[in-house]
Amino acid sequence: MRKQRDPGILSYVGKGLIRARVFPIEPKKDKKIQIRYEEILSYDAGVCRYQFALATNHICKIPIEFLKIAVNVNSQDPIRNIYSPSHDITSKREEEHEAKIKFSDENVVPDEDFQLIFSISKDPVGLNLFTYKEDDDEKGFFLLLAAPSIPKPDEINPKNVVFVLDRSGSMRSDKKIDQAKEALEFCLRSLNRKDNFAIVTFSDEIDCLTDSLTRAKDDEIDEACSKIKEIKAQGGTNIDGAMKEAFGLIEDREDERQTYILFLTDGRPTAGETKPETILEHIGKWNEEKCRIFVFGVGFNVNTHLLDGMSQKNKGLAKYVKPNEDIEVIVSSLYSKIANPVLADLKLDFEDIDVSKVYPNELPDLFSGSQLVVLGRYEDGGEGTITLTGKTNGEKRRFSDEFRFTKENDDLDYIPRLWGARRIGYLMDEIRLHGKDKELTDEVIRLSKKIRHSHRIHRISRAGRHASRFGSGSPRWPA
């Protein structure tokens, strides 16, 4: 008051709620409010939980123009799993004891608090289990997280990467070919120096920029980048021929390292073999080395049935880029996540626990800085051992830990919703790959209604109103 500054008044109004009064806010003016507080995070069996009171939909319906959450996590022990059951976060980890998490959105009315889970462990692969079960009459839900330690530079597993780039005439529009070339150059310069690479470009004709798998030395990469700059877009789209050429480059390899194919196209097959079913059959026959295929479909003219089949049947991932999106950003972002493979051919064993409807049903490879997220159902609960096995350069590795599948615990009510969303994703993939099916469609609708209903009850309960959460008044989850 002596300094004649406008006051900001804080008052505690009970039940953990603090009211802030700011005066004055003049017409068409902004006031910046900065709040600093400290709290002790809950910690249980190596897992920390943080919740930020973000939900405002029950007190204000005006959208927030721009929302950004940035979280820096530092720990004396190595950080393993980082997961948000409430928001789609991105995380960046350059070393084991620090992680940077971000979330952003625009024109949004938050309807859920921000939740963050992270675990700390000195094990090479950190395993964490979370369970939800209402009573003995219904199956439980589980969420399993697995994250590897970040390897030192001399511990990174070498890999083979074959880049397959569409240079057909349609890639000239919206500067797609220029963005794709820049993305390819980024990926090349991000290779580890023990990696091998090859480049295939295609239109109706096939062209190899490398005669075989080539060691990722500086001079080899510089030469390849010079050739990439000269690529011109013209002609048709021979997907079948391009994939045959890519597999031909790796069929004579002698090492046990994992091989990845990054395939980018903006069109449907118009040259060579054009039937999607036949192309998928050929790829299944050619892929004797069990290469992982990651696909980028650009624009709305791609054959999603073909591209989904290429990735899903070969333990990869399909990403789709809208016409106005930046190809370079999306391709380079995904490549950064798969740059350092840790474990391949993953398998989970739950031993004495009877589990079902586990997703993803085909486990992806585990990469440095990434994590495995598995959701499923279980029968009776109890103590059990979970074992994760995989291969590193052909050598089998095994990681086990003891966990308790609770017989009754309804605290983590986000787990059923996460499982339901994964289940719907699996059913939608089945419909997209194999055609419409009434039974699958009905289950998608039933699950969607259940998720919406349970989410609404969760929000009402969190706002302090009387409601039962997954109780007798709400429909049961499908068995």
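Does L375 count as buried or exposed at its relative accessibility, and what is that value? In this predicted model, L375 counts as buried, at 1% relative accessibility. The residue is found in strand 22, which spans residues 372–378. Beyond its neighbours within four places in sequence, L375 is in contact with F142, L143, K357, V358, Y359, I415, L418, W419 and R422. By contrast, R398, found in strand 24 (residues 395–405), is exposed, with a relative accessible area of 58%. R398 gathers with K347, K391 and K396 in a patch of positive charge on the surface.

Side chains of opposite charge can pair when their charged atoms come close. The structure holds 15 salt bridges. One of these joins the side chains of K100 and E98, at 3.2 Å from N to O. K100 is partly exposed, with a relative accessible area of 39%, and E98 is partly exposed as well, at 27%.

A salt bridge also forms between the side chains of D195 and K159 (2.6 Å, N to O). D195 lies in the loop between helix 1 and strand 13, and K159 in the loop between strand 11 and strand 12, so the pair ties together parts that are 36 residues apart in sequence. D195 is buried, with a relative accessible area of 0%, and K159 is buried at 1%.

The side chains of R292 and D345 likewise meet in a salt bridge, at 2.8 Å from N to O. This pair links distant parts of the chain, with R292 in strand 17 and D345 in strand 19, 53 residues apart. R292 counts as buried at 3% relative accessibility, whereas D345 is partly exposed at 29%.

Key:
Residues are numbered from 1 along each chain as its sequence is written. This is a predicted model: local features need pLDDT of at least 70, side-chain atom pairs count only at pLDDT 80 or more; totals for chains, interfaces and linings use all residues. Side-chain values use heavy atoms; hydrogens and water are left out. Helices (H or I, at least four residues) and strands (E, at least two) are DSSP runs, numbered from the N terminus. Buried means under 20% relative accessible area, exposed over 50%, partly exposed in between (1.4 Å probe, protein chains only). Contact means heavy atoms within 4.5 Å. Patches are made of residues with over 30% relative accessible area and no salt bridge: like charges are joined within 9 Å, nonpolar side chains (Val, Leu, Ile, Met, Phe, Trp, Tyr) within 5 Å. Accessible areas come from the Shrake-Rupley method with a 1.4 Å probe; for residues, only the protein chains shown count as cover. A salt bridge is a side-chain nitrogen of Lys or Arg within 4 Å of a carboxyl oxygen of Asp or Glu. Lys and Arg count as positive and Asp and Glu as negative; His and the chain ends are not counted. The place of a charge is taken as NZ of Lys, CZ of Arg, CG of Asp or CD of Glu.
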